[in-house]
Structures are given as C-alpha cells and as structure tokens.
Protein chains: 2
Amino acid sequence: MPAPKRERLLDTAEAIFAKEGFKGISVDRVLREAGVAKMTLYKGFDSKDALIQETLRRRGDRLEAHLKLYTSGANVGPEDRILSVFDAMQDWSERPEFNGCYFVNALTEYGAVEGEISELARAYKRQFFNFLNTLCKGVSTIDPEDTSHVLFMMIEGATVSYMSLDDRDSFARARKVAEKLLKHDSSH
Amino acid sequence: MPAPKRERLLDTAEAIFAKEGFKGISVDRVLREAGVAKMTLYKGFDSKDALIQETLRRRGDRLEAHLKLYTSGANVGPEDRILSVFDAMQDWSERPEFNGCYFVNALTEYGAVEGEISELARAYKRQFFNFLNTLCKGVSTIDPEDTSHVLFMMIEGATVSYMSLDDRDSFARARKVAEKLLKHDSSH
DNA sequence: TGGCAGGTAGACTGATCGGTCTACACGTTT
DNA sequence: AAACGTGTAGACCGATCAGTCTACCTGCCA
C-alpha cells in the first residue's frame, strides 16, 4: 500500500475510533471517510483488529513524544518536570482528536477478553505509569512508588472529569493538587 | 412481562454490558444467558437501547443507595462523611459486577452522539458530582466547589487505576490523599 | 370441559457486518 | 505500442445484527 493512502487510512480510523468507539464502527465507514478501497485496507492489514492495533501503537508513540517534549527541558528541576506532565496533558486534551484516553477506551470495549488489543492498551498504560515513576525517582523527598500511583490517578481522573463533567480546568486543578503534594511530602 | 423474568433479563444485561461493553454485545447473547425469549424482551422494552437505558437507571439508583448507606451515619463529622465515600467505592469496586464506571463506559461508546443513553450517563455523573459537592458544603474550612471537583477526579482516577494497572489499593491511596487535602486546606 | 387471553419459543426478515473475489485501470519496461 | 504487474473499485459472500411474526402452550374462568 502506498504510504500516503496508509497514512490517511490510519489517521481517519484513529479519529473515528477515538470519537465513537471501536466495535460500533464498521470498516466500510472508515473506508468511506478515508476515501480508500477495501482491498487497499486488507492488503495492508490482516483484519479490522490489526488496523485498530496499529492506531493504538501510533497514538501511543505520538503521546510519548508529546510528553517527552514537555518534560525533557535541560535546566528544569525534577518537581517541575513532573508538573509539566499536567501541562502536556492539558495541551493534549485541547486537541480535537482528544476524547478521553484512547487506551482506556479500548480497554472498556476489549478489556474483558484476552487479546492483542487489550494487551496493547494495557501495555501503553503501564508505560505511562513507568514514565511517571521514573520522573518521581528524581525527587529524593518523596516515595516514588506511592507518588507515581497518585499522579497516575490524578491524570486519569482529570481526563474523566474533563469528559464527563465538561470540566475544562481539570488538568490545571490536578496540577495544583500535585504541587501541594510534592511540597507537603517533603516536609516529613 | 412477569417481574422475575424482567429482573433476570435486566440483571443479566447489566452484568454483560458492564464486563464487555454495549455495542459489541448482541441481544441474542443477553437473551440466551438470561434464558428469556426475544418476544419477552420486546414486550417489555422498545429496543436494545431502551434496555440499556434501564440498566443505567438501575445501576445508578443502586450506586446512590450504596453511597448513602456509607455516608449517612448519624454521629459522623463532615470530613469523615467525605472520606467514607472512598470506603464505599472500595467496597463497590470489590463486587464482581464492577468493571470501571458503568456510566463512563457508556459515554465512551455513546458519548459522541446525542441520545438518551449518553444523556442518562452524563446525568448520573453530574448527580455523583453534586453528591460530593453537597458533602463538601458541610466543611467550612474548604472551598466546596474546588474540593468537590478534586474529589471527583480522585475517585474517577482511582477507578481507572484499579482497572488499567490492576491497582487494588487505588481507593485507599486516594483516600489518604483526600485526608491530607482536607487537613491542609483548613490550615490557610 | 371448553374457550379465551397472556406469554413464550424460535423461525423469519431486511440490513449490515467483516472479509474476499474479480475485473479493470494505469504506469513501467521493452 | 504491446505486454506486464501493481493496486484499486465495488460487487459479492456467509454470518450475524436488531427487531417482527406466527404458532403454540399454559393457566384461568365459566
């Protein structure tokens, strides 16, 4: 499959899946909106599930790059590096393709049955947690294990609050809580 | 439709929808597992969507009763009332029917299109937020608006962490953070 | 005991699903 | 220009979807 068609197909698929879920969307719908023929899809991918898996990988890699962009400043302290994750997620959530966490959404539809999709989704969530965990290990005054779990919870919670209550300030609010926690933890 | 069949149908439907999502589940599957005939379903409900709506209402009412059970103690201070929401959710999450938030899950599949299902799901999330908000108004030393949003985020985040990282301690962890916040906020 | 009514089983319908097959269009090579 | 090969369009396939229809069963009242 020529690269531009493949790109268009994956971009369209990811956009639709993100907004409207996976199982309820037909491949015909994706094909129609992408302007791509069915054989073109099935030459490049084994199945609809394989297409979904590839959109998960692409989104995961894109999110990872986005996070690293925000947290890899040279002259920033470890606490600020952590706080900038919240800025990164706020920016991420303002993109039109955002509709809650793509991987969590995949898990609600595929998590009950073992399979490559649920494994991929879980792997990317663990990867995000490990990313937070590594950042926390740079701060000597906190328990990295506990704090990274708390940070993970706050970011996931901000995501859900953003979506289900239309709370546009959720990430800023979560960031403030994180600031408080990073300060207070160091005081005992 | 006789009451016991209706109950069995709704219980089975809710259990399957909770574990495996909505759109990917056929009414035939629900019928088979409930041991109920198709006509019995369609005498009692207009459509699959109407059945889903009723499961949302039932679960919402059940969760509300569960929360009130935990938070309506007579001789409990307002802070402890708030903290007991985390105990309630931990208990709730240990039930076999738990698989993340039923309403958030419904929103990931139906949230993009206006409809009765997404409206119901959003309404129950707002109701939960309002419940937290009311509890917060009983504590004079905090900003109820801000705190209830933060509590909402933490509970939703604990739910996602529980599901996607298999973090069985997420609600206890979130409760500890809430304790800290309720104390610290009162000190300035 | 006869007849009526409510409820149920499961065959059936048209639409739509994921996936395949075929016929052809077009750029490249000779 | 002729022959070839890659890639595409869309008809097509069996399976399955949500929802309906019909034939029957069963309990109830006369």
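This is a predicted model: local features need pLDDT of at least 70, side-chain atom pairs count only at pLDDT 80 or more; totals for chains, interfaces and linings use all residues.
View 1. The same surface serves both copies, since 100% of the contact residues of chain B recur in chain A.

**View 2. The surface near DNA strand D.** Around DNA strand D there are 17 residues, of which A:A37, A:M39, B:S26, B:S47 and B:K48 come nearest. At least two residues of this surface are supplied by each of three helices, namely α3 (38-44) of chain A and, from chain B, α2 (27-34) and α3 (38-44). The most is given by α3(A), which contributes four residues to the surface near DNA strand D. Sorted by class, the surface near DNA strand D comprises eight nonpolar, three polar and six charged residues.

**View 3. The largest nonpolar core and the surroundings of A:A178.** The largest nonpolar core has 103 residues, and those with the most contacts inside it are A:M154 and A:A178 together with B:M154 and B:A178. When neighbours within four places in sequence are left aside, A:A178 is in contact with A:I82, A:L83 and A:F86, and also with A:L151 and A:M154. In soluble globular proteins, nonpolar side chains tend to be buried together.

Methods:
Residues are numbered from 1 along each chain as its sequence is written. Chains are lettered from A and ligands numbered from 1 in the order in which they are written. A residue is near a molecule or strand if its C-beta atom, placed from the backbone, lies within 6 Å of it. Ala, Val, Leu, Ile, Met, Phe, Trp, Tyr, Cys and Pro count as nonpolar, Asp, Glu, Lys and Arg as charged, and the others, Gly among them, as polar. A nonpolar core is a set of buried Ala, Val, Leu, Ile, Met, Phe, Trp, Tyr and Cys residues joined through C-beta atoms within 7 Å. A residue is buried if 20 or more other C-beta atoms lie within 10 Å of its own, exposed if 12 or fewer, and partly exposed in between; C-beta atoms are placed from the backbone. Two residues are in contact if their C-beta atoms, placed from the backbone, lie within 7 Å.
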